[in-house]
Structure formats: structure tokens, C-alpha cells
Amino acid sequence: MTASSPASGQPPEEPVGYDPAAVERKWRDRWTERHANRANIDGARRPYYALMMFPYPSAEGLHVGNLFAFTGNDIFARFQRLQGFDVFEPMGFDAFGIHSENHALKTGRHPMELIPSNIANFTRQLERAGLMVDWSRTVDTTHQSYYKWTQWVFLQLLKRGLAFKKKAAVNWCPNDKTVLANEQVEGGHCERCGALVEQRLLEQWFFRITDYAERLLANLDTLDWSNTTKTAQRGWIGRSDGAEIRFRVLNPLEDAGSASVHVTAEIGTGGEEVRVFTTRPDTIFGATYLVLAPEHPLLDAITGGEQRAAVAAYQAVTAKQDVIARKTNKEKTGVFTGAYAVNPATGEMIPVWTADYVLMEYGTGAIMAVPGHDERDFEFANKFALPIERVVMGPGQNAHTPLTAAFTDETDVRLCNSAQFDDYPVDEGHRQITAWLESKHAGKPVVNFRLHDWCISRQRYWGPPIPVIYCDDCGMVPVPEADLPVVLPNIPDFRPDDSGISPLARHEEWYHVPCPACGKMARRETDVSDTFLDSGWYFLRYPSVGRDDVPFDKAITKKWLPVNSYIGGNEHAVLHLLYSRFLTMVLHDAGYVDFDEPFTKFRAHGLIIRDGAKMSKSKGNVVNPDDYIDGWGADTFRTYLMFLGPFEEGGDFRDAGISGVKRFLDRLWSSVRDAHTTGEPDRDVMQKLHQTIKKVGEDIPRLSYNTSIAAMMEHMNVVRRSERAVHRAEIEPLVQLVAPFAPHIAEELWEMLGHTASVFDSGWPSFDAAFAGGETATIAVQINGKTRGTIVVAKDSVQDSVMAAAMADPAIAKFVTGSAKKVVYVPGRLLNLVI
RNA sequence: GCCGGGAUGGCGGAACUGGCAGACGCACGGGACUCAAAAUCCCGCGAGGCGCGAGUCUCAUGUGGGUUCGAUUCCCACUCUCGGCACCA
């Protein structure tokens, strides 16, 4: 074996060199035999749950990006283990979904056959990477033992009224023949195939995540998460403070032809009332028209006779338009309804229009248009010759300054042309006008969110069937929990078709089922659920894998959750992390878990790019980890990935630097092999060692892996300087420091040093802070801010003695031309003389 | 358009609360070892000026301002770049 001593009777051999393949094979086997990575789920005294986002097991195999993320998590997990925690580092596979299904369709293989082989390949690759993964508790979202509980989660939401069905305009991809979530549409095109997305009206299952908007937002303040991620979530939730204002619409039939009639807000004519949402109630005196979304339910009722045809035509055009065109084509269109509404602030009649720049799904589906102070309204008013009023003035402007564009500044501006509210700052006007409208029963303060309810329906095959049955007599009946799982049948032809109905509907035996309530023949729901539902609760499952009676065991969950540390990509900053938080809150409120945030700490890792571009098959710049592990060994590859750049920022992958990391491990190997125990270790080298232990111990928790590695390299350089002989005490703790990064070689070297137990059970080395700090300090001496030299002084020197030492140095003293006007002394760092 | 990152030698990057800019690594140059090469080891390596020389001076962290004894770090205004969102009233 690699490090065994020469057999007796043989001539002396060359010193044994570092053979990564042999070392890694040996320790992989040894870890498996010893169950070294198995967490003691029931008995752990200091549980620590170190989670990474589980991968989608693609047919292409493991991506360097995956390995980068997993290695980063593994280093932290192994570090925690060395700190004495019982660390649980699980791994699983997020294998349902459209990605797998499309790949299966393209290659003609059935997902039920494809996924297990992909998972096997991923597992093989992951095992080579030396991750401290507990392979006895893995999760495969496509396995019945898992999706049984995904269906259970759905039923809990249904029970609590948080799952509901509604007909909704959804994004429809004509190529993939499926409904897409808003997030799967990029600029009007299907995220996967690039086809133009259309709009269709379908009955869909939704989760009422909007009920939790306020809580999802407020809780963010309590979480230890990457700031970028929190900011992204805040933006996605999109809270807006504003007001809902009621506009009375005059019946156009009655009032037609009497446009000259003077109307005030007090007139109680019949007709409808339109509610609008605005974030700028302070500008209501400038509201010169209303706009309703083309889908607005009141549109028919208010449209005047002559305008009916035009409005109907406009509605028809909008309805046919795909979601993309509507959202990307910013050219304003719209038609007048023939109706007028009363502006409750001015009492004036203002025309009511319909236009597709107003969206039915946000706010009330209607707006008051203030063209003077809103860019879209300005553009619209300009195009259709509607009046534009100034009601806000900035510095240097007055109530009559002409508006050549919408004036939208909100700081240092005041109201004008707003009756009793003239000269109010806008924020004050916002409050006062809202209160005034409220007193007239014409409005009230309202908070709106951009967040939409979560559409979980997919008219596809490869997902967990939604556990609901439709009975002619009983209506919609949830599948009883005892009957779970609703098994996804093996359908050879799982292709989606144009009907908008899932392929499951074609499986007669499966589709027809007795009603759980009355026993009469009924039909199954044929939609499957969104993959984000699978990944929305998997962290709860890991510790309880193997339990078939519950989704997660109460005591175990209490012991291990919430997750102590979660690491993943920022591409999931919004959806996955938001949905997981939402589901956790629901399960908390339902009494299943005693925490309402799943991830105490979250860090987003960076992206690995290559030659300045994202890796992709089409660019041909994909790195296959297998090749690098074959060529360099997993330890070198892991360490190299972490050395590329800051973990939270990612880095540019290039072959050039990897040899430096290999050299470092080679040197570590020979230094340990050749270390002696004669005499005392060198004092300066020991000081460097203590500094290194301190630095690495501080850097790892900050995920500053690149600087940890640099620090260890520095120590190695000091240890081996000028080919000096290495004392064992100077190098032994370095094996422990390197262990999280390069676990195999660390185990081997630890054994070579005579230890029988694993290096991961050896604890983290300690350091002497005073010794590491040293007794002397190098002080930079500056004259007028320019460094003119350095002096070495005792660490706790006072200013006078440092000053004297500086003056004693002729190289410094020659710059001192007079007496110092000012002296700045930073102990231990610098002395600056201002002359 | 809006939100959020980022910009430092030939290259990847370091500098933790404002305090010696360029740690560590790559590449490159020189040397040792070798018949030779690889590997290994040692030395050098931001740019420019002056000096035979040990040295020494100036400039330098995307651009332009500002605060400060002192700015890669803080403030203001820009440029470029990467990522996300995009008619959200």
C-alpha cells in the first residue's frame, strides 16, 4: 500500500511518493467499511445539519458547478465535524419534472428507466468526490416512498383551504404542450425550448402563498442569509403601500348626451363603482382618466352603447394575444368605454378607458391615470390626447411649469394644484389625502404585493399525481391519507398532447376510480404537481428517511431542524427558497413542526464560469469532473475548485492553476513522510503554525476557502524554506487543517503519523493567541502619508519610544525637515508624521 | 427602464473595523541537479525614471470629483461588465 514500510529483507526503496488514486481508493473503502459518514440520527448529542441544494440528476452527469457547490458545503461540514459536532450531510435527487421528461422524449427512453440510471451515474461520480455524505439516507423525489408524502403535503394545504382550483390565464407552451409557471417564461419565450408562449384559460391548482406574503417578508429580517438573496426575495414579494380609491361611474346610457351636466362627488346617481389601487394617492388631483384591464369584470356593465363594439373588439384582440406580446410590446393601445367617472377629489368627470397596460392580476385591475406623474400614463395620454395636469412641483418649478415628460421625483417635491393640500411634501400629502378620502368613504389605505399565488398544476406526466378525485355526486374529494400514494402509472406513451389534459387521462384503468366517499365510479385528477413542491419540503425528509408511517418523525425533526446551514445557488434565491419557507410556515401553523423558517443560515455560492462564459453544452466549454479526478485526484480537484476564487463569488475555471495545488499536496506529503522528532521545533516556524491555525479557523466559517488554502500554502513555504529539515510538530496540525479540503490524503498522512483513529475524530487543533500575535510589531513610518521606512519595535510600545526609534533610522530621519505639526500613531501598525 | 453583484500586475486573486497595495497560486525569466530532458529545489518577477552598484525616486487598485494625517476600502457623479426582474399603477 501507499505508505507501508518496505518489506524486511528487501533493499531500501525510494521514499514513497503521493499516489492520489491509491490513497483515495483506500480511504473510500475504509469510510464505507467503518460507516464513517453515517450520522447518528437518534443519538447525536450535538446535531448539526449541513445541507446543500440537491441536484437534478441529468443524463449528462455531474457538472463542475454541482461539485463546486457540494465541495464548499462538504468543507464546512467536515470543519464542523472537527469542531466536535455530529454532522449530518445528506444528498438526494430532484428527479421529477419537465427537464427529465423532455430528455426522455428526445432520447426515446422512459423516465422510469432513465432516472434510476442517471441517479446511479451521479452517485458514482459523487462518491469519488470524497463528500462526507450519509448515503444511508438519500432522497429520490420520484420514488413512491417520497412522493407519497409530497401528496400528503398537498392534502394538508387542501385541508387548510390553502390549495384551491381556479380558472386562470396561464402560459402555454405550444411546443412542450404544457402550462408554464411565470418563472419558466423568459421574455415571452419558453425557458426550455424557446418557443413563443401563448395564453390559455385552464382550471389550475394554486397554493395561496399570498396569504403569507407579509410573514414571508417580515421574517427575512430574522434570517442569517446572504444579503443578495434576501434582497431578491423582498423584491419578488414586492410590497407596495398605497390606497384603494373608489370612483363612481356614471351610467353611460342615462348620461349620454348630457356631458355638460355638472357633477359632484355627492351626487348619488346610479351606476357602478370602480376601485383602483395606487401608490400615489397624493397625486389624485391629477388623475384625469381611469383605465380598466381588458379582462375587468365591470367593463361590460359600464361600456356605453356606441363603444360596445370597439371595446369588445379590443378585448378579443387582447385575449388572443399571447402573454409575451402583451408584456413585451410596450406600445400603448386602448379604447374609450364611453363611460365617465367622478374624481372624488376634484369632483370632475373623467373618461374611463380600457387598455392592456393595466394588468388584471395586480391590484384591482384598474388604475387612476395621473399622466403628469407616471411615465406610462403620460405616454398613453399623449397618444390619445387626454388631459395632463401638474400636481407635483420640484425645486425651481411652479404649479404652471409645463410638463414635457412625466415628473416622477418624490424627494424634495411639493404638491400643487391640489386645493387644500397645496405645498404639502408628497409623503405628507400621501397620508393626509388618504385620510381625507377615507373620511369621505372614497378610499382607504391598502397594501399590495407583487407575489402571485403559486400555480402547482402541470398537465404533464412526470410528476406526482395530485391526490384528488372527482365524483359526480360528491364533487371534489381528497384522496384519503391512508390511500396514499396515488401511484404514477407506467405509461409507455407519456407524450403530452394539445388538449391541455395530462397524458394520465388516457390511462383508463388509472383514471377511473371509485369515489372514496360514496363508492360510485369517479375520475382522478390528472394534473401532476410542480417540481418545486417536491423540493419544497425535502429537507424535512432526510433525517426521517426509512420511516414509512410519517413524512417526518416529530422527535427527530425537533432534534435536527431547522437546517443549521444551507448552501446553494442564487438561481434559487427566489422560487425554491420562498416556496420552502411558505410550506414550512404552513406545516408550522398546522402543528407539524415547531419552527416556521426552515433554513437558519443560507449562503449563496458563486458561479463557475469558463473562459469568461457560463459553461454550456452549446459552447463546448463544459468541464467533466471525472477527467480531472482521474488525472489529478479528488483531493487536488476539490482544493483547486476552492482556490479559484471566493466561494460566494465563483471563479473562472482554467487548467493552468491546478498544478500549483497538486504541488502543495505533494510537498505536504513528503514533509510529513520525512518529518523528524529530533530536538525542538523552530520557534519562528511554530509561530507561523499558530498564526495559520488561527487564520484557517477564522476563514472556513466565513466560507473564505481561497484564503484558507493560501494560508496553508504560506505555512508550507515557511516549513520548507531553504530545504530545512522538518520537525514533526511543525507540520502535524497542518494535516488536520487540510483535512476538510483534501480528506483522503489527510487521513493517509494522519495514519502515517501513527494515529489509528480518523483525522476527523481528532478535533480541531488549538493555538496560543499570544504566541501567534508575536512580541514585536513592524511599524510603517510615514511622512505626510508616504511610507518612508519600517521599524521593528516591541508590540506594546508607546508613541514616544516608536518616535525615537523612527528618528534613529537615518533613512527615515532624512525626510524629517522640521518639527511635526501632527503625529498619528496607530499601535502595532504605523506612525505618520505630518510636517 | 428597475434591482443586485463586479472592475486591483501578463492571468486567477489577497488586503477582516480607512493604516506598508499586489499575500497565495499560475505563467514567465535566471540558477542548481542531470549526459540531456521531465520532475524537484533555489532566486527574481506592477510600470517607469536615475544609478556601474548596494540602491533610490515617481506613478499605479475602471473614470472624474470629495472627505481624511492617510482611501482598493467612506461619500457624490459617471463608464464598462455580469446576473435577475421587467407596463406591478
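View 1. At a relative accessibility of 14%, Ser-704 counts as buried, because the limit for a buried residue is under 20%. In this predicted model, Ser-704 is found in the loop between helix H22 (683-699) and H23, and its side chain is joined to that of Thr-707 by a polar contact of 2.6 Å. Leu-703 lies in the loop between H22 and H23 as well, and Leu-703 counts as buried, with a relative accessibility of 4%. Although Leu-703 is not a glycine, its phi is positive, at about 60 degrees.

**View 2. Ala-385, a residue with positive phi in a loop.** Most residues other than glycine have a negative phi. Ala-385, which is not a glycine, has a positive phi of about 55 degrees, and this residue is found in the loop between helix H12 (375-383) and strand S17 (392-393). Is Ala-385 buried or exposed? With a relative accessibility of 70%, Ala-385 counts as exposed, since the term applies to residues over 50%.

**View 3. The surroundings of Pro-543.** Pro-543 has its place in the loop between helix H16 (538-541) and helix H17 (554-560), and with a relative accessible area of 1% it is buried. Which residues are in contact with Pro-543, leaving aside its neighbours within four places in sequence? They are Ile-41, Tyr-49, Phe-88, Arg-137, Ile-556, Trp-560 and Leu-561. Glu-89 is 454 residues from Pro-543 in sequence, while the C-alpha atoms of the two residues are 9.9 Å apart in space.

View 4. Most peptide bonds are trans. The bond that joins Leu-561 and Pro-562, however, is cis, with omega at about 0 degrees, and Pro-562 is found in the loop between H17 and strand S27 (565-569). The peptide bond from Leu-484 to Pro-485 is also cis, with omega near 0 degrees, and the place of Pro-485 is in the loop between strand S23 (475-478) and helix H14 (508-511).

**View 5. The protein surface near RNA strand B.** Around RNA strand B there are 53 residues, of which Thr-279, Lys-332, Arg-376, Glu-723 and Asn-832 come nearest. Helix H23 (residues 705-719) gives the most to this surface, with six residues, and the residues of the surface as a whole divide into 19 nonpolar, 16 polar and 18 charged. On the RNA side, 64% of the atoms within 4 Å of the protein belong to sugar or phosphate, and the rest belong to bases.

View 6. An N or O atom in the side chain of Tyr-362 is 2.6 Å from a phosphate oxygen of RNA strand B.

View 7. The 835 residues of chain A include 52% that are buried, and the secondary structure of the chain comes to 28 helices and 35 strands. The chain is divided into five parts, namely domain 1 (46-150 + 537-610), domain 2 (152-234 + 453-532), domain 3 (239-449), domain 4 (655-766) and domain 5 (775-834). The centres of domain 1 and domain 3, taken over C-alpha atoms, are separated by 48 Å.

Terms used
Residues are numbered from 1 along each chain as its sequence is written. Chains are lettered from A and ligands numbered from 1 in the order in which they are written. This is a predicted model: local features need pLDDT of at least 70, side-chain atom pairs count only at pLDDT 80 or more; totals for chains, interfaces and linings use all residues. Side-chain values use heavy atoms; hydrogens and water are left out. A residue is near a molecule or strand if one of its heavy atoms lies within 4 Å of it. A polar contact is a pair of N or O atoms within 3.5 Å; within protein, one must be able to donate a hydrogen and the other to accept it, and residues adjacent in sequence count only if both atoms are side-chain atoms. Helices (H or I, at least four residues) and strands (E, at least two) are DSSP runs, numbered from the N terminus. Ala, Val, Leu, Ile, Met, Phe, Trp, Tyr, Cys and Pro count as nonpolar, Asp, Glu, Lys and Arg as charged, and the others, Gly among them, as polar. Buried means under 20% relative accessible area, exposed over 50%, partly exposed in between (1.4 Å probe, protein chains only). Contact means heavy atoms within 4.5 Å. Domain bounds come from an automatic or database domain assignment.
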